[in-house]
Amino acid sequence: MSRRTDRVDGELQREISAVISGELKNREPELKGLISVTGVDAAPDFKTAKVYVSIYAVSEEEKKTSLAIIRANAGLVRRELARVMRMRTVPALTFLEDGSMAYGSHMDELFASLHEADRGADADSDEER
């Protein structure tokens, strides 16, 4: 990947995050939860870009609703980007859920439960001595 693509990805990530947390949240009261743009992967020709978002919400239903709202407003986000970014063409945006945070949290829980089980086994072996 080129340095230019990396720079544009980073700039897109910052600007998309600003649009979602500002304009889109004001427009869509149903947009709930903590929304983070975790990454952007623009095509080399900058015609398309995959936008990875992580959403922390009270329920799975709120999370799905928020992602659906973001996807439905991809055109609005693109128009706002066109206003603030100096690019010949602003890429068409595809929003995808970034499951890495949830996966990491799940792994932390598994390791914690293994650690607790290991502690329990150590306590049992101490009692046997």
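Me: Before that, what kind of model is it?
Reply: A predicted one.

Me: How many helices and strands are in the protein chain?
Reply: Four helices and three strands.

Me: And which pattern do they follow along the sequence?
Reply: The protein chain reads α-β-β-α-α-β-α. It is more spread out than a compact globule, because its radius of gyration is 20 Å, well over the 14 Å that the globule rule gives for 129 residues.

Me: What does the C-alpha trace span along its principal axes?
Reply: About 75 × 40 × 15 Å.

Me: What percentage of the residues count as buried?
Reply: 29% of the 129 residues in the protein chain.

Me: Switching to charges. Which residues form the positive surface patch?
Reply: R3, R4, R7 and R88.

Me: Where is R88 placed?
Reply: R88 is in a loop. That loop runs between α3 (74-84) and β3 (92-97).

Me: Is R88 buried or exposed?
Reply: Exposed. The cut-off for that is over 50% relative accessible area, and R88 has 86% relative accessibility, so it passes.

Me: New topic. Where does H115 lie?
Reply: In helix α4, which covers residues 100-128.

Definitions and conventions
Residues are numbered from 1 along each chain as its sequence is written. This is a predicted model: local features need pLDDT of at least 70, side-chain atom pairs count only at pLDDT 80 or more; totals for chains, interfaces and linings use all residues. Side-chain values use heavy atoms; hydrogens and water are left out. Patches are made of residues with over 30% relative accessible area and no salt bridge: like charges are joined within 9 Å, nonpolar side chains (Val, Leu, Ile, Met, Phe, Trp, Tyr) within 5 Å. Accessible areas come from the Shrake-Rupley method with a 1.4 Å probe; for residues, only the protein chains shown count as cover. A salt bridge is a side-chain nitrogen of Lys or Arg within 4 Å of a carboxyl oxygen of Asp or Glu. Lys and Arg count as positive and Asp and Glu as negative; His and the chain ends are not counted. The place of a charge is taken as NZ of Lys, CZ of Arg, CG of Asp or CD of Glu. Helices (H or I, at least four residues) and strands (E, at least two) are DSSP runs, numbered from the N terminus. Buried means under 20% relative accessible area, exposed over 50%, partly exposed in between (1.4 Å probe, protein chains only). The radius of gyration is taken over C-alpha atoms; the globule rule is 2.2 Å times the number of residues to the power 0.38.
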